[in-house]
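Thank you all for coming.

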Amino acid sequence: METEVREVIAASRGCVIAPAGCGKTELIARAVAAGGGRKQLVLTHTHAGVRALLTRLKKVGAPSGSYSVETICGWALKYASAFPVLSGLGDGRPPGTPYDLVVQAAVNALAKRSIRKLVQTSYAGIYVDEYQDCVIGQHQLVLALAEILPCRVFGDPMQGIFGFRDNPIVDWGRDVRPNFTELLRLATPWRWRNTGREEMGAWLLDVRACLATGKALDLSALPAGCLWTRNDIKSQLKVCFESMSRSGTIVAIHHMKNQCVSLTQRLRGGLTHMETVDCQDLMAAAEQIERFRGVGLIKVVIGFAAKCMTKVSTELKPLLVAFGKGKAPSAAFRKKYPQIVAACASLLEQHDLTLIRVALDAIGQLPGSVLYRRELWREMGRTLHQHQAVLGQSLRDTAWFLRDASRHYGRRIESRIVSRTLLVKGLEFDHAIVLDADQLDAQNLYVAMTRGASSLHIMSSSSQIKKAPPKGI
């Protein structure tokens with residue numbers, strides 16, 4: 001990798017195309033470490049990405065004073081708020097200011113000679129990771145920085161899956177290539193070489209080329225570690241159940257949230273559902289818990305539990321029916337579930353978060369039930385507990401602040417999950433199962449197929465998959 005490091009360091013403005021698992025983070029870290037001790041600004045998108053870069057920089061022995069690793073939005077906020085008049089941000093960052101306005105404020109500041117001079121004296125060069133995830137405003141900020149200092153961007157247009165209609169990501173052909181000279185394309189599949197699956201890694205590079213050009217994938221002959229199975233619900237369950245006997249981490253990748261939830265319920269907790277960071281089911285339940293009283297509150301609590309566990313809806317229906325009629329449940333029901341009845345009866349009389357926690361704890365002990373949305377269940381418990389120490393804040397706000405903190409400081413990822421490409425991009429697992437591969441577009445399919453370092457199981461209606469090539473790469 002020494003040749004690549006020298007080429008990156010020598011570039012004044014360049015781009016490195018980095019397919020999944022081909023050593024992008026290692027190259028950035030080594031280039032910074034070999035930069036002669038001069039401070040480099042390393043930008044990425046998430047705090048998880050910041051941690052990954054810091055870990056790798058430490059591993060390669062980069063001097064601690066030779067780099068500053070920050071998120072793009074975090075760096076923009078620091079400079080825009082430090083110069084509120086020049087940036088136009090105002091007195092600090094007003095609460096609720098969208099980050100696209102913060103980034104634009106930083107661009108405004110960089111238009112001033114004094115700020116450009118400050119940046120030049122603070123850093124010797126710039127590295128930007130995961131460039132395919134930059135929205136247009138962030139791209140404009142990087143272009144402004146590239147006018148001041150040597151700037152190298154790293155990314156893979158085949159992994160650009162985060163764009164939205166009202167906030168599009170960079171178009172590689174329109175935005176990146178005209179502004180950054182392509183330095184090199186990484187081509188060593190380290191992720192798979194390190195697990196003894198180098199043939200699989202080489203094949204995935206061929207897959208990337210096929211998907212990028214619209215050529216059909218032939219899944220009838222696969223390298224060791226890869227399997228193809230015809231796709232249907234029964235086969236999906238069979239493959240997922242069989243995967244549970246394997247050691248290591250597992251991800252089964254579906255196309256839509258409702259598919260993920262349904263599958264985890266059928267798998268009875270063997271694989272659990274991965275929630276989004278904003279976790280709308282948590283926000284909605286927190287809002288309803290504060291709004292409802294009496295029988296309505298009990299319905300909310302049981303309804304939330306039913307989203308997370310099996311058997312709740314059927315087993316506790318008699319309790320809801322009885323309370324709805326203003327009656328006590330039958331003697332047989334009270335004998336069968338005394339703790340649940342007592343906890344819910346208390347909620348008829350008093351709206352208290354401690355009692356809600358008691359009720360959920362009791363429901364959580366329902367015999368024979370399976371908790372298949374563990375993260376959602378755990379986050380509600382954290383929200384109820386934390387809210388008791390907070391004054392003047394809604395329960396929904398407490399839930400939001402806890403989830404937002406996980407965006408910054410990382411969150412616990414279950415080792416065996418069902419999820420979507422948007423949530424597992426950038427993560428690595430031992431084994432990956434791609435369900436309904438036909439439903440994924442070329443970029444999402446490539447991201448899905450490159451998550452497993454040791455094995456990959458693809459499920460589709462045919463062993464021949466043909467996707468329209470992505471635009472703008």
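A salt bridge, as I use the term here, is a side-chain nitrogen of Lys or Arg within 4 Å of a carboxyl oxygen of Asp or Glu. Before I apply that, please keep in mind that this is a predicted model, in which local features need pLDDT of at least 70 and side-chain atom pairs count only at pLDDT 80 or more, while totals for chains, interfaces and linings use all residues. Residues are numbered from 1 along each chain as its sequence is written, and side-chain values use heavy atoms, with hydrogens and water left out.

Let me begin with Glu70, which forms a salt bridge with Lys78, the closest N and O atoms being 2.8 Å apart. Are these two partners buried or exposed, if buried means under 20% relative accessible area, exposed means over 50%, and partly exposed is what falls in between, with a 1.4 Å probe and protein chains only? Glu70 is buried, at a relative accessible area of 14%, whereas Lys78, at 38%, counts as partly exposed.

When I say helix or strand, I mean DSSP runs, numbered from the N terminus, with helices being H or I runs of at least four residues and strands being E runs of at least two. Both Asp129 and Lys24 are buried.

In the other, Glu428 pairs with Arg191, and their closest N and O atoms are 3.2 Å apart. Arg191 is buried, with a relative accessible area of 14%, while Glu428, at 46%, is partly exposed. Returning to Lys24 and Asp129, salt bridges that share partners join these two with Glu130, Asp133 and Lys425 into one network.

Glu130 also deserves a look for its backbone, as its phi is near 50°, a positive value in a residue other than glycine, and this residue lies in the loop between S4 and H8. Asp436 likewise has a positive phi of about 50° although it is not a glycine; Asp436 is found in the loop between S12 and helix H24 (442–449), and it is buried, with a relative accessible area of 10%.

Now to the aromatic side chains. Rings of Phe, Tyr and Trp (its six-membered ring) pair if their centres lie within 6.5 Å, and planes under 30 degrees apart count as stacked, over 60 as edge-to-face and the rest as tilted. By this rule the count comes to six aromatic pairs. The rings of Phe304 and Trp377 have centres 6.2 Å apart and planes at 15°, so they are stacked. Phe304 is in helix H15 (residues 294–308) and Trp377 in helix H21 (residues 374–387), so the pair ties together parts 73 residues apart in sequence. Phe304 and Trp377 are both buried. Phe333 and Tyr337, by contrast, form an edge-to-face pair, 5.3 Å centre to centre with 70° between the planes, and both of these residues are buried.

Finally, the cavities. On a 1 Å grid over the protein atoms alone, a cavity is a set of points where a 1.4 Å probe fits but cannot get out, and lining residues have an atom within 4 Å of a point. Grid points are joined across faces, edges and corners, and a volume is the space filled by probe spheres set on the points. A search of the whole structure finds two cavities of 30 Å³ or more. The largest holds about 40 Å³ of space, and its lining includes His273, Glu375 and Arg411. About 30 Å³ lies in the second largest cavity, which is lined by Val277, Asp278, Trp400, Arg403, Asp404 and Arg407.

Conventions. 1 Å grid on protein atoms, 1.4 Å probe; cavity = no way out; pocket = protein on both sides within 12 Å on 5 of 7 lines; lining within 4 Å.
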